[in-house]
Amino acid sequence: NKQVILRDFVVGFPKETDLYVTSGTLTLRVPEGSTGVLVKNLYLSCDPYMRGRMKKSRPGDSYVEAFQPGSPISGFGVCRVVHSGNPDFKKGDLVWGVTGWEEYSLISAPESLFKIKHTDGIPLSYYTGLLGIAGMTAYVGFFEVCSPKKGDTVFVSAASGAVGQLVGQFAKLTGCYVVGSAGSKEKVDLLKNKFKFDDAFNYKEEPDLDAALKRYFSDGIDIYFENVGGKMLDAVLLNMRRHGRIAACGMISQYNLQQPEGVHNLAQIIFKEISMVGFLLTEYFRQYPKYLEMVLPLIREGKIVYVEDTAEGLENAAGALVGLFSGKNIGKQVVVVAHE
Ligand code: NDP
């Protein structure tokens, strides 16, 4: 059983060498009397929150516990049940949920897994992103937290990523004007041509983010879907409209800093009566069936498209995960452990 192991707690930007792969043996059965399931991992999801689990946590630090050095890391993934001690799961079932970064995992509390029912014409890997946590995050963050209306002006940062590409498409389907920022020309082209954002810009080439936003939003921003924090948030605050809404989804620019950057323009929240709401998708899983009901027809009708970036094999998993923090991924970063 190949496994991806955390070498030691990470300080600063993570490196590929912070993780390594080992091989061991495993009996492909759940232990006698266990109500767990043994799964074969097919696709693993690379997610920015996993960085928080790579550091030594102090009480109150993070909403998920730290990985243990010397042990395999875990995250969301798509798996096939190979042996079950649980009456609700049988051999061959496809599921998604939290699993190990390894070939096979023993999941002792399978109640937390979602059974995959829709596979007709839908790539299984979508359950790591579009039909998994990234999709749910875009859905609740945009529709619940931002209360969008037709005609609203929407700005999305990290817009070509797993969550951002969907927020932009949901905004277009709602009749909003939407602009995204991303870190390369290739990503900007994707935003404009594939995801049909009204416009997009490369934030790395903008010396003055405030001026850049004024170029695209001459009358200001109604909704900001926040994925990056730091300087971008500061510039956005200067460009929000009265009664604007900010969904604080993530602040990836801050995750590797030992000293988070200060935000200078926070008082704009008062002057413009802005609501800025943080949210965690883990609080919204009960809405998953409702989300599927909305999104599956849109996928089948080609009204929602999704771009994935796949790394083949557990040997390439570390590079894929740490690549999130330099913008190496184009679209949702997936690790393929096995195709079936
Ligand atoms: P992405 O697929 O967007 O990958 C991360 C991207 O972030 C990179 O590709 C890069 O794109 C951008 N990035 C990395 N470092 C920086 C930086 N210093 N400044 C600006 N941009 C940077 O990831 P996800 O879509 O999975 O996640 C997006 C955000 O959503 C994250 O902040 C994440 O933590 C958050 N999230 C929150 C959840 C919640 O429940 N609240 C659940 C899931 C995700 P680029 O080339 O454009 O710089």
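Author: What follows is a short exchange on terms and the values behind them. This is a predicted model, in which local features need pLDDT of at least 70, side-chain atom pairs count only at pLDDT 80 or more, and totals for chains, interfaces and linings use all residues. Residues are numbered from 1 along each chain as its sequence is written.

Reader: What makes the protein as compact as a globular protein of its length?

Author: The protein has 8 helices and 15 strands (DSSP runs numbered from the N terminus: H or I of at least four residues for helices, E of at least two for strands). Its radius of gyration is 20 Å, close to the 20 Å that the globule rule gives for 340 residues, so the protein is as compact as a globular protein of that length. The radius is taken over C-alpha atoms, and the rule is 2.2 Å times the number of residues to the power 0.38. Along the principal axes, the C-alpha trace spans about 65 × 45 × 35 Å.

Reader: Why is helix 1 called roughly perpendicular to helix 7?

Author: The axes of helix 1 (residues 133-145) and helix 7 (residues 288-300) cross at roughly 90° and come within 11 Å. Angles of 65 to 115 degrees count as roughly perpendicular, under 35 as roughly parallel, over 145 as roughly antiparallel and the rest as oblique, so helix 1 is roughly perpendicular to helix 7. G135, M136 and Y139 of helix 1 and Y288, Y291 and V295 of helix 7 make the contact (C-beta atoms, placed from the backbone, within 7 Å).

Reader: How do you know that the ligand lies between domain 1 and domain 2?

Author: Domain 1 (2-129 + 307-336) and domain 2 (133-282) both give residues to the shell around the ligand, so the ligand lies between them. The bounds come from an automatic or database domain assignment. In total, 31 residues surround the ligand, the closest being G161, A162, G183, G250 and G327 (C-beta atom, placed from the backbone, within 6 Å). Helix 1 gives the largest share of the shell, 3 residues.

Reader: How far apart are the centres of domain 1 and domain 2?

Author: Taken over C-alpha atoms, the centres are 28 Å apart. The contact takes 17 residues from domain 1 and 19 residues from domain 2.

Key: Axes are lines fitted to C-alpha atoms, for helices over the stretch in contact, and angles run from 0 to 180 degrees between N-to-C directions. Two residues are in contact if their C-beta atoms, placed from the backbone, lie within 7 Å.
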